[in-house]
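Subject: Structure for you to look at

Hello,

Please find the structure below, with the sequence alongside. My notes on what turned up in it follow.

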Amino acid sequence: MAFRNIKWAGLWRTTRRYTSSYMDHVRAEEEHALKTMATWKKISLFVAIPGLCLTTYHVFEAEKEHAAHEQEHGRPEFIPYTHLRIRSKPFPWKDGNHSLIHNPHTNPLPEGYEEGHGGH
């Protein structure tokens with residue numbers, strides 16, 4: 001009987017020792033996670049969001065220039081290159097000749113721009 005109690009006492013000490021070191025490890029990981037989270041939060045607020053704002057402004061200004069240039073000079077003349085706008089089979093929507101995200105102002109069909117959409 002005494003042997004059994006000694007065996008359990010040793011197991012108890014070992015378990016407490018490993019549990020204690022494991023809990024120290026968990027606390028250290030939590031501390032590290034909180035510091036890392038704070039770092040990424042600061043990066044998001046002070047780098048990513050201003051970067052997105054600057055990029056949005058830049059793209060908006062470039063698009064305004066592009067629209068002004070197109071309004072002044074008109075859209076480019078359609079040239080029916082044989083290697084562009086190849087239709088080996090019709091698209092499975094609408095009339096089969098328009099792509100899914102077709103824009104009649106900027107996307108010509110194989111025959112040319114659609115009439116009534118700012119063409120020459």
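Is Phe91 buried, partly exposed or exposed? Phe91 counts as partly exposed, because its relative accessibility is 28% and the partly exposed class lies between under 20% for buried and over 50% for exposed. Please keep in mind while reading that this is a predicted model.

Aromatic pairs

A pair of aromatic rings is described by the distance of the centres and the angle of the planes. The search of the whole structure gave two aromatic pairs. In one of them, Phe78 and Tyr113 sit edge-to-face, with 6.2 Å from centre to centre and 70 degrees between the planes. This pair links distant parts of the chain: Phe78 and Tyr113 are 35 residues apart, and both belong to the segment after helix 1, the helix that covers 2-73. Phe78 counts as buried, because its relative accessibility is 18% and the limit for buried is under 20%.

The pair of Phe91 and Trp93 is stacked, with 5.4 Å between the centres and 10 degrees between the planes. The angle decides the label here, because planes under 30 degrees apart count as stacked and planes over 60 as edge-to-face. Trp93 is partly exposed, at a relative accessible area of 27%, and Phe91 is partly exposed at 28%.

Around Phe78 and Tyr113

Arg75 lies over the face of the Tyr113 ring, 3.7 Å from the ring centre. Phe78 also comes up in a comparison of sequence and space: Phe78 and Leu109 are 31 residues apart in sequence, while their C-alpha atoms are 9.8 Å apart.

His98 and its contacts

Which side chains make polar contacts with the side chain of His98? One is the side chain of Asp95, at 2.8 Å. Another is the side chain of Glu114, at 3.3 Å. His98 is found in the segment after helix 1. His98 counts as buried, because its relative accessibility is 14%.

How many salt bridges does a search of the whole structure find? It finds two. In one, the side chains of Arg27 and Asp24 meet with 2.9 Å from N to O. Arg27 and Asp24 are three residues apart in helix 1, so about one helical turn separates them. Arg27 is partly exposed at 46% relative accessibility, and Asp24 is partly exposed at 43%.

The salt bridge between Glu61 and Lys64 has its closest N and O atoms 3.4 Å apart. Glu61 and Lys64 are also three residues apart in helix 1, which means that about one helical turn lies between them. Glu61 is partly exposed, with a relative accessible area of 24%, and Lys64 is partly exposed with 43%.

A nonpolar patch

There is a nonpolar patch on the surface, formed by Trp40, Ile43, Leu45, Phe46, Val47 and Ile49. Together these residues have about 640 Å² of accessible area. Phe46, one of the members, is in helix 1. Phe46 counts as exposed, because its relative accessibility is 63% and exposed means over 50%.

Backbone angles

Most residues other than glycine have a negative phi, and most peptide bonds are trans. Arg85 is not a glycine, yet its phi is positive, near 55 degrees. Arg85 lies in the segment after helix 1 and is partly exposed, with a relative accessible area of 25%.

Lys94 is not a glycine either, and its phi is positive at about 45 degrees. Lys94 also lies in the segment after helix 1. Is Lys94 buried or exposed? Lys94 is exposed, because its relative accessible area is 72% and the limit for exposed is over 50%.

To find your way around, you could begin with the salt bridge of Arg27 and Asp24 in helix 1, and then turn to the edge-to-face pair of Phe78 and Tyr113 in the segment after helix 1.

Regards

Methods. Residues are numbered from 1 along each chain as its sequence is written. This is a predicted model: local features need pLDDT of at least 70, side-chain atom pairs count only at pLDDT 80 or more; totals for chains, interfaces and linings use all residues. Side-chain values use heavy atoms; hydrogens and water are left out. Rings of Phe, Tyr and Trp (its six-membered ring) pair if their centres lie within 6.5 Å; planes under 30 degrees apart count as stacked, over 60 as edge-to-face and the rest as tilted. Helices (H or I, at least four residues) and strands (E, at least two) are DSSP runs, numbered from the N terminus. Buried means under 20% relative accessible area, exposed over 50%, partly exposed in between (1.4 Å probe, protein chains only). A charge sits over a ring if NZ of Lys or CZ of Arg is within 6 Å of the ring centre and within 35 degrees of the ring normal. Patches are made of residues with over 30% relative accessible area and no salt bridge: like charges are joined within 9 Å, nonpolar side chains (Val, Leu, Ile, Met, Phe, Trp, Tyr) within 5 Å. Accessible areas come from the Shrake-Rupley method with a 1.4 Å probe; for residues, only the protein chains shown count as cover. A salt bridge is a side-chain nitrogen of Lys or Arg within 4 Å of a carboxyl oxygen of Asp or Glu. A polar contact is a pair of N or O atoms within 3.5 Å; within protein, one must be able to donate a hydrogen and the other to accept it, and residues adjacent in sequence count only if both atoms are side-chain atoms.
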